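These are my notebook entries on a structure that was new to me. I wrote down what I looked up, in the order in which I looked.

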Amino acid sequence: MVQQDISTRANSGGGHTQLTNSTVGYGRDHGYSADVLAGGGSIVLFGAAGLGKSFFAEAITTELRARGLAPLKIRGSRYTQSTQLGALQAAYGSAVTGDATSTPSVGPAQLLQWARTQSGAQRPIIAVDDAQLLDPLSAELLTRLAEDRAISLLLTASPAMVRSMDAQAAQTFQYLTTLWVQGGAHRVDLEPLSRAEAKEFLAVMAPEVTFDTATRLSLFIRSAGSPLLLRELASEAVKHRLPLEDREITASTVLSPVDRIQHLLSDQLAALSPTQLNGLAVLGRLSTVPHALCLAVLSATDVRALLDRGFLRRENTGRPREGDDVVVVHAVYAEAAVALGDPEAVDALADTLAEAILARYSGVRSLTDVECLLISESWASAADLAQQSERWGHSTVADVLGGAARHLNRTGHNGAAEALARRATTSAPSVTGFIELSVAVAARKDFGRALDVLAEAADTLSDPREAVQLVRWWAALANRQAVSPYELETLAERAASWFPGVCAVEGEIELVRLAVLNRGLNRALVAETAAGIALRQELAPLVRARALAIAALEYSLLGNSTSAVELTRRLVSLMEEMPTSLTTVDDADERISSIVFLAITAVHRVTGATFGDLDAELEQRIERQLRTKNYYNLGVLALAAGYINAQRGHLETARAEHEAAVIRFRRHDPEGNLAWSEALFAVATAETGMVQEALLVAREAVVSARELGDHLWTKYLIDHQRAEITPREYDDDAQSGGEDAPTGGTAGVMQASRLYGRFVAGEDAGSLVVAMEAAAAGLDLPPIRAAVRHIRAVADGSPADLDEVAAQFAELGDFGHARVASEDAARLHKEQGDRPAALLSRIRASAYSERAQGMSATVPSPVPQTEPLTARENEIAVLAARGLSNRAIARDLFLSVRTVESHLYQARIKLGSVSRRDLGAALRSASRL
């Protein structure tokens with residue numbers, strides 16, 4: 001906010017208020033800035049290009065107009081800068097400057113009189129946008145009148161743009177500076193949008209779009225907080241309906257921005273010298289660059305110029321990296337520089353930068369994958385790599401080629417990754433090269449060949465760390481494929497012979513054996529065994545963390561919330577104690593860390609327990625993946641975001657997150673996660689009421705699952721997601737609570753969840769309560785206990801119990817179902833004649849709805865009918881819309897309850913899967929189609 005202590009002093013003999021000092025303020029409080037101008041003060045608004053000075057100034061003038069004040073608007077430009085009074089002439093013509101054919105001659109008195117006539121105010125308000133582009137005479141006249149308090153002046157200016165301009169521009173800028181330095185105006189420095197401000201900006205600009213977390217953060221990072229760039233980048237994301245990083249599918253280096261953004265940036269980039277422009281283009285290939293490497297391609301003066309103009313910025317980490325400060329490159333400006341620069345000069349600088357990286361860091365620290373890609377591109381023309389191996393060493397060449405292939409795999413360039421990995425395994429065989437070749441082959445769904453490649457990798461093992469990497473990927477690749485338990489056991493036995501007695505390798509082998517147990521789908525045995533592995537202190541922390549994650553998740557799915565929550569809390573503590581918990585050692589560790597975090601959010605989803613600030617940790621993890629361009633992990637983290645939002649009732653956001661995960665796994669999915677993510681997306685779509693759309697996604701999940709081969713996991717996946725979407729087809733035997741009804745364990749958890757989903761969708765509580773209580777018997781899951789109470793309270797007609805159920809859901813953070821329970825309570829209170837209690841419950845429901853970010857989205861707007869309602873379906877739907885229960889409808893129409901339920905279910909599907917509560921609106925809408 002503009003600082004509230006901007007000081008004004010008493011009136012002087014001249015009859016106006018004098019400012020004895022100026023205060024520098026920050027932020028975007030347009031209301032307070034309007035107060036300053038309306039009170040006779042002036043404001044000089046400084047900010048770098050793209051920070052939204054014009055937007056902010058327009059918000060101030062809009063506020064002034066709402067108060068009955070009419071600011072006069074002037075705009076500086078390059079075309080009027082060299083013309084005396086050019087901006088005034090361009091805005092108002094000869095009305096202020098006289099005959100355009102003669103040299104204009106205007107003094108302060110004439111300008112003031114004109115302004116008073118135009119505005120009708122004794123003390124006019126004049127707003128000047130891009131004031132640094134005024135001619136010196138206009139700047140002098142306006143600032144003199146502002147200093148005398150004859151006018152109120154609002155000026156916007158970009159200081160960085162005038163540093164390399166001519167003497168006239170420098171004189172204009174001197175007038176602007178003097179105005180606030182000597183106390184004639186307040187100075188406000190606009191800073192980049194914060195994350196919270198950027199989120200609000202996106203919500204206002206694109207209210208119809210739900211951005212997934214990674215896309216929203218990508219927009220923020222790439223815009224560097226510039227409202228102008230944020231607007232244009234968001235427009236592109238909305239237009240293409242793809243995560244923003246998908247643009248990198250078509251190129252391994254930096255891309256040119258779209259024409260609209262290119263045009264917006266051209267003025268700022270025009271101020272750069274050719275050397276600075278080409279240097280910015282090549283530095284953009286690395287995104288983050290040690291300062292010493294910047295000096296390898298640019299002079300210190302050029303680097304400072306790029307920093308001053310905001311094209312580069314120093315990383316605010318609080319600590320140097322290997323004794324060298326880190327510089328972050330503004331990605332969008334770097335992309336524009338590629339388009340405007342000299343390709344040959346950029347390539348030459350890239351070769352120089354690659355040489356500098358090897359000379360400075362080879363053998364000192366691990367090269368980043370992006371650095372490896374840059375280096376490998378500089379070696380691309382070599383017929384073989386013998387010369388590079390002789391110069392830098394065989395291991396360095398192997399690391400460079402493997403790291404470059406890994407980066408190409410992570411960004412979805414699997415064809416290029418495979419070609420590079422094959423070159424690596426031929427010229428410099430290494431475990432890393434074979435693994436990346438296997439990843440690229442698996443991404444083409446050639447899983448058998450991907451496993452064969454790993455057999456070759458075992459022959460190049462040289463140390464335990466390589467063995468750990470090999471076993472990890474081998475197990476990950478086999479986890480979702482049609483690999484028999486015997487083959488996994490064989491892998492474990494073979495790996496045990498590589499480095500006997502090494503705990504790091506032994507831990508990975510234990511997890512392979514755990515995967516063998518998991519093939520039997522015996523959750524209790526898997527949970528117990530995993531918990532035992534986690535107790536072995538001699539094993540590596542990441543091994544124990546993965547074992548804890550498996551155990552906690554299995555216990556939650558068994559309905560044992562107490563054990564699941566206890567193990568998850570131990571898991572969170574272990575991750576916090578690990579020195580690399582936020583900056584993991586390598587790509588494999590980062591992937592595992594992301595999967596462990598996903599398990600934590602899954603337990604949160606099932607149990608309702610909280611484990612620290614999951615939102616903040618999610619954003620930290622996503623931002624790290626975006627900065628390192630590790631886009632594969634974004635799919636895993638999108639699933640985690642979906643779990644977090646679904647637990648809180650943010651169902652539309654959860655659906656957007658799951659959709660983003662599907663998009664990312666469709667691009668790059670060597671581990672076979674696509675079928676799983678599509679199944680979750682189908683369920684999330686069904687939860688928002690779009691059952692028909694969910695069934696289409698479910699069919700895609702079936703196809704993807706069958707591509708993995710035929711084994712128990714595939715069958716479980718298909719049956720589970722179908723049952724979640726169309727529970728009626730799977731629950732007929734269980735709904736009456738008969739002998740075949742599942743009770744306790746995983747079957748009970750699944751059954752209880754489906755029954756509650758049917759209840760929320762509008763089915764009669766009386767027909768579900770017995771089956772629900774039977775399915776939940778023995779389950780120790782607070783969300784399911786609350787769901788049982790919800791159905792029972794509605795069946796018993798107890799609004800007081802429903803108020804307690806709503807509070808119980810709210811304590812769990814599930815505000816969506818808290819809203820539903822409060823609405824049910826309000827309805828029953830009203831039916832029983834207790835209007836004050838009904839009003840209170842409705843107020844609570846409204847508050848819960850706001851906290852749930854509009855879970856009303858679970859009732860989407862009706863879609864055009866693909867098939868009209870039958871007469872019976874319409875009759876039953878109308879009665880249900882009037883509030884009659886299924887039993888009451890059956891009694892009135894002389895039908896069975898089962899028949900009523902069947903007709904009502906079909907009617908809801910045809911109306912767009914609306915809930916029972918919104919049948920009336922859906923019927924009215926359908927009648928107009």
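**Entry 1: a lysine in a loop.** I began with lysine 445, which is partly exposed because its relative accessible area is 44%; here buried means under 20% relative accessible area, exposed over 50%, and partly exposed in between, with a 1.4 Å probe and protein chains only. Lysine 445 sits in the loop between helix H21 (431-443) and helix H22, and its phi is positive, about 70°, although it is not a glycine. Helices (H or I, at least four residues) and strands (E, at least two) are DSSP runs, numbered from the N terminus.

**Entry 2: what kind of model this is.** I noted that this is a predicted model, in which local features need pLDDT of at least 70 and side-chain atom pairs count only at pLDDT 80 or more, while totals for chains, interfaces and linings use all residues. Residues are numbered from 1 along each chain as its sequence is written, and side-chain values use heavy atoms, with hydrogens and water left out. The mean pLDDT (the predictor's confidence in each residue, from 0 to 100) is 80 for the protein, and 83% of its residues reach 70 or more. Over residues 1-26 the pLDDT is below 50, and this stretch has 57 contacts in the model beyond near neighbours in sequence, a contact meaning heavy atoms within 4.5 Å. Residues 854-866 also have a pLDDT below 50, with 36 contacts beyond near neighbours in sequence.

**Entry 3: the whole chain.** I counted 46 helices and nine strands in the protein. Of its 929 residues, 58% count as buried. Among the contacts with a separation of 6 or more, 70% are between residues 24 or more positions apart.

Entry 4: I then turned to alanine 224, whose phi is near 55°, a positive value in a residue other than glycine. Alanine 224 belongs to the loop between helix H9 (213-223) and helix H10 (227-240), and it counts as partly exposed because its relative accessibility is 35%.

Entry 5: How many of the residues of strand E4 are buried? I found that five of the five residues of E4 (residues 125-129) are buried, so the strand is largely enclosed by the rest of the structure. Ile125, Ala127 and Asp129 point one way from E4, whereas Ile126 and Val128 point the other way. In a regular strand the side chains alternate between the two faces of the sheet.

Two strands count as paired if DSSP finds at least two bridges between them. Strand E3 (residues 72-75) pairs with E4 in the parallel sense over four bridges, and strand E5 (residues 152-157) pairs with E4 in the parallel sense, also over four bridges. I followed alanine 127 to both neighbours: lysine 73 has alanine 127 as its bridge partner in E4, and in E5 the partner of alanine 127 is leucine 154. E4, helix H6 (residues 136-147) and E5 make a right-handed β-α-β unit; right-handed means that, with the strands pointing away from the viewer, the path from the first strand over the helix to the second runs clockwise.

Threonine 61, in helix H2 (residues 53-66), counts as buried because its relative accessibility is 2%. Not counting residues up to four places away in sequence, threonine 61 touches Pro71, Ala127 and Leu154.

**Entry 6: an antiparallel sheet.** I found three strands forming an open sheet in the order E7-E9-E8, with antiparallel pairing. Its edge strands are E7 (288-290) and E8 (312-314), each of which pairs on one side only. E7 and strand E9 (residues 326-329) pair over three bridges, and proline 290 stands opposite valine 326 in E9.

**Entry 7: a buried loop residue.** Leucine 461 is in the loop between H22 (447-457) and helix H23 (464-479), yet at 19% relative accessibility it counts as buried. Its C-alpha atom is 6.4 Å from that of valine 431, which is 30 residues apart along the chain. Leaving aside neighbours within four places in sequence, leucine 461 is in contact with Val431, Glu466, Ala467, Leu470 and Trp498.

**Entry 8: cysteines.** Cysteine 372 counts as buried at 2% relative accessibility, whereas cysteine 503 is partly exposed, with a relative accessible area of 30%.
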